[in-house]
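Good morning. I will take a few minutes to go through one model, chain by chain. Please have the sequence and the structure open.

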Amino acid sequence: MKWRSSYTLPTAVSVSMHLALLLVITVGWESTATVEPRVFKPKFVEAKLVELKAQTKEETAPAQNKVIDLTKKRELERQQAEAERKAREQAARKRKQEQERKAKAEAERKRKQKEEAERKRQQELEAKRRAEEAAKQKAEQERRERLERQRLEEEKRKAEEAARQQAEVAAAQTQSYVNMIAARVEQNWSRPPSARRGMTATLLIQLVPTGQVVNVTVIKSSGNAAFDRSAEQAVRRVDRFAELQNMPPKLFEQNFRQLKLEFKPEDLRL
Amino acid sequence: MPNEHSLSIWGLIANASLLVQLVMALLFLASVVSWVMIIQRGMYQRKARAKYLSFEKQFWSGIDLNQLYRQSNGKTGKDAVDGVENIFRAGFKEFMRLRSQSSADSDAVMEGCQRAMRVALAREEEKLEQHLPFLASVASVSPYIGLFGTVWGIMNSFRGLANVHQATLATVAPGISEALVATAMGLFAAIPAVLAYNRFSARAEVMENQYQTFAEEFSAILHRQVHSKQVSS
């Protein structure tokens, strides 16, 4: 019992503290508000067809009178009068009906006209709207095309730039490799006594990608057979240009499979 | 946006491997338990200190010791006898018992009293220092556990990286971030435990010294009483 009383409160406090911490982490850790995508609704007026109803008055039927005959004459007169009245009435009714029909027809015609006008107006509006839309689309497309063209031009320009740079780099690399090969050949060269200053022999060195020399020939003699031979010998002595191994294959194919090397030693004193 | 979601703290914890998750759960549990201990210790030591002060005040107020002894007889429940009062009661009870046996001589009486008080003191010390070893071990071990989780997580994230051709920062970063949560949790559990351990062990030592001093003082009083009786009789 004692245990419980002395540990209940600490346990409750500790657990609630940790729960509060978890809550804080869950709710308030990342308070970066997310931007709700706002939707713009296009503003337009909904067109409605308004129907005009022809208002016609219902004609109330005339009340029929009851005639009581007193005498025959009176009766006849009455009958005549009745007949006349009837005929008149009928005529009147006919006329009235006629008038009504006319009025109705007139109203109908007017309504139709109005409808027609309304429809025309709608059509015009529609056409206008379409035209505007088409214009807008066209403008948009033109803009897009222009952008695209710009982008393409930019890309082309960039590609050219890159190609130019690459070519420069490649040329520099080639030059450095050639210099290195020349240096190596010179190192392995044993100077014949007949060598003189300014002697130049052009050698064609055939290489494989490992840097191994496959064949050497003199394609342009210096005029001194001993010098030519010594140059050829020097290349053969080098046997393998190990540095060519880690050259990019493209560069090798372009320049080094058949390398024309001008052998022009500079330390000739005589 | 699943990507954004996966980088929140919860996402990181949920995406961690099972072992790392276990480590995190262990550390969280350690933190909870150590806080229970911290609060319980704090309350207990505060109570012990208050009791010590009030008892000492009462003791030196010139009250008759018999009366003081009887007063604390009936205490139960919330203010049950605890702390320094226990030492007093143990010593006094032994003193009365030995004195009632007329055969005992004064030295034997004193020795018995002192032994009884030593035993009570040892019990009280034990009570004061309860749970402190647990806090100490949480403080020292949980950073290592967290580090273990982190190392394991980073290991896994790098192993996953080995299969990727282009290793960018974006492929490593989530794994490492995920793994580092474990270290953060280890430190989170360890820091309060270290602080609490230092504070409570220092306070427990102070209290023990005070108890010892009291025991010595009390035995001095008893000694005086025994010898004055002997001289008078």
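For the complex, the predictor gives an ipTM of 0.75 and a pTM of 0.50. Chain B has a mean pLDDT of 86, with 90% of its residues at 70 or more. Where in chain B is the mean pLDDT of an element lowest? In helix α1 of chain B, residues 2-6, where the mean is 47. At the other end of the scale is helix α3 of chain B, residues 18-59, which has the highest mean, 92. Residues 1-5 of chain B stay under 50 in pLDDT, and the model gives them 1 contact beyond four places in sequence. Where pLDDT is low, the predicted coordinates should not be read in detail.

Now the make-up of chain B. How many helices and how many strands does chain B have? It has 8 helices and 0 strands. Of the 233 residues in chain B, 30% count as buried. If we take the contacts in chain B with a separation of 6 or more, 81% of them are between residues 24 or more positions apart.

There is also a record to compare with. An unreviewed UniProt entry lists residues 12-39, 132-155 and 175-197 of chain B under "transmembrane region". Residues 175-197 of chain B are 100% helix and 0% strand, with 34 Å between the end C-alpha atoms.

Next, the cores. Which residues have the most contacts inside the largest nonpolar core? They are Ile87(B), Met117(B) and Ala193(B), in a core of 50 residues. The elements of chain B that give two or more residues to this core are α3, α5 (84-100), α6 (106-128), α7 (132-161) and α8 (169-232). The most comes from α8(B), with 18 residues. Another core lies apart from it; this one has 17 residues, including Trp189(A), Val216(A), Ala231(A) and Leu244(A).

Back to Met117(B) for a moment. Leaving out residues up to four places away in sequence, Met117(B) touches Ile87(B), Ala90(B), Gly91(B), Ala215(B) and Ser219(B).

One more residue of chain B. Arg70(B) sits in helix α4 of chain B, residues 65-71. Is Arg70(B) buried or exposed? Arg70(B) counts as exposed because it has 10 C-beta neighbours inside 10 Å, and the cut-off for exposed is 12 or fewer. From Arg70(B) to Arg89(B) is 19 residues in sequence and 9.6 Å in space, C-alpha to C-alpha.

Chain A next. It comes to 4 helices and 3 strands, in the order α-α-β-β-α-α-β along the sequence. Chain A has 270 residues, and 8% of them are buried. Among its contacts between residues at least 6 apart in sequence, 72% join residues at least 24 apart.

Last, the two chains together. In the model, 13 residues of chain A are in contact with 10 residues of chain B. On the chain A side, these residues divide into 7 nonpolar, 5 polar and 1 charged.

That is the end of the tour.

Note on methods: Residues numbered from 1 in each chain as written. Chains lettered and ligands numbered in written order. Predicted model: local features only at pLDDT ≥ 70, side-chain atom pairs only at ≥ 80, totals over all residues. Contact = placed C-beta atoms within 7 Å. Nonpolar A, V, L, I, M, F, W, Y, C, P; charged D, E, K, R; others polar. Buried ≥ 20, exposed ≤ 12 C-beta atoms within 10 Å, placed from the backbone. pLDDT = per-residue confidence, 0-100. UniProt positions renumbered as here; feature names shortened; annotations may be inferred. Core = buried A, V, L, I, M, F, W, Y, C linked by C-beta atoms within 7 Å.
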